[in-house]
Amino acid sequence: MVSRFAVEVMPALPRVDRIKTIYSAAKALNYGWMFTDFLKTPMYNGVSRYIPQLHRITFRFCKQSEGSVGVRNFIEHKLLNLGQQWPSVVVYTQPVRNTNPVIRAEYGNGRIVQLNAKNMSMADVERDVNLLYSRSGQPVVKLTSPQNSASPSVQGEWTPVTWLPSRMNNAALPQPEFSRHKTSKVTATDYLLEEQKRKDTQ
């Protein structure tokens, strides 16, 4: 049997949505340092068709505070067009008294990104909303390489000496064979020599 005193001193159960928001905000900050990763897209998005990764966006604002003027103007003038342009995104408006305006975006990979929209103009809110829509939901990282391959080659990375003949390793350089200029176009001298050979054979 649990006593009344024990029930009163027990801490409240943590809310999962609050923990998820705090964890996602920490991920957005990358814990104070920048992660490194390769350029990638979730589930090879855009290979056959492009699916926006933003699923839900919530505008939390106050109806009276001056800090929410930009969000209120955006909702009044731009939100209807936004819903028509992005039919795959669920849009919520959440008026809360005496609170700072927040734009909350939820992506398909479960990640949540929150932006503080206090004292923003309508143009700033529109810019940040377009930024949230165009993102993939992946954390911002420092790219290890500007290109990446989904199926890397078993032969390794290509270099300018990949397909050179192996006998160059033991040859005494310089040699005319290896010093000859390589080009895919036929020079005028080679063309005239080939024409002369063709005429001689006829």
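Trainee: Is Asn98 buried or exposed?

Mentor: Asn98 is exposed, because its relative accessibility of 66% lies above the 50% cut-off. Please keep in mind that this is a predicted model.

Trainee: Where does Asn98 lie, and what is its phi?

Mentor: Asn98 belongs to the loop between strand 3 and strand 4. Its phi is positive, about 55°, although Asn98 is not a glycine. Asn119 sits in the loop between strand 5 and helix 5, and it is exposed, with a relative accessible area of 58%.

Trainee: Which strands pair with strand 4, and in what sense?

Mentor: Strand 2 and strand 4 pair in the antiparallel sense over 6 bridges. Within this pairing, Phe59 has Ile103 of strand 4 as its bridge partner. Strand 4 also pairs with strand 5, residues 112-116, in the antiparallel sense, here over 5 bridges. In that pairing, Glu106 stands opposite Ile112 of strand 5.

Trainee: How many residues lie between strand 4 and strand 5 in the hairpin?

Mentor: There are 4 residues between the two strands of this hairpin. Gly110, in the turn, has a positive phi of about 90°.

Trainee: How is a pair of aromatic rings described?

Mentor: Such a pair is described by the distance of the ring centres and the angle of the planes. A search of the whole structure finds 2 aromatic pairs. Phe59 and Phe74 form one that is tilted, with 5.5 Å from centre to centre and 40° between the planes. This pair links distant parts of the chain: Phe59 is in strand 2 (residues 54-61) and Phe74 in helix 3 (residues 69-77), 15 residues apart. Phe59 is buried at 0% relative accessibility, and Phe74 is buried at 2%.

Trainee: Why is the pair of Trp86 and Tyr133 stacked?

Mentor: The ring centres of Trp86 and Tyr133 are 3.9 Å apart and their planes stand at 0°, so the pair is stacked. This pair also links distant parts of the chain, 47 residues apart. Trp86 lies in the loop between helix 4 and strand 3, whereas Tyr133 lies in helix 5 (residues 122-134). Trp86 counts as buried at 8% relative accessibility. Tyr133, at 18%, also counts as buried, because the cut-off is 20%.

Trainee: Which residues does Ser68 touch, leaving aside residues up to four places away in sequence?

Mentor: With those residues not counted, Ser68 touches Phe61, Cys62, Thr99 and Pro101. Ser68 is located in the loop between strand 2 and helix 3, and it is buried, with a relative accessible area of 0%.

Trainee: Which residues form the nonpolar patch on the surface?

Mentor: Val186, Tyr191 and Leu192 form it, with about 350 Å² of accessible area together. Leu192 is part of helix 7 (residues 188-201) and counts as exposed at 57% relative accessibility.

Trainee: What is the peptide bond from Leu173 to Pro174, cis or trans?

Mentor: One reads the omega angle. For this bond omega is near 0°, and the bond is cis. Pro174 is placed in the loop between strand 6 and helix 6.

Technical notes
Residues are numbered from 1 along each chain as its sequence is written. This is a predicted model: local features need pLDDT of at least 70, side-chain atom pairs count only at pLDDT 80 or more; totals for chains, interfaces and linings use all residues. Side-chain values use heavy atoms; hydrogens and water are left out. Rings of Phe, Tyr and Trp (its six-membered ring) pair if their centres lie within 6.5 Å; planes under 30 degrees apart count as stacked, over 60 as edge-to-face and the rest as tilted. Buried means under 20% relative accessible area, exposed over 50%, partly exposed in between (1.4 Å probe, protein chains only). Patches are made of residues with over 30% relative accessible area and no salt bridge: like charges are joined within 9 Å, nonpolar side chains (Val, Leu, Ile, Met, Phe, Trp, Tyr) within 5 Å. Accessible areas come from the Shrake-Rupley method with a 1.4 Å probe; for residues, only the protein chains shown count as cover. A salt bridge is a side-chain nitrogen of Lys or Arg within 4 Å of a carboxyl oxygen of Asp or Glu. Two strands pair if DSSP finds at least two bridges between them. Contact means heavy atoms within 4.5 Å.
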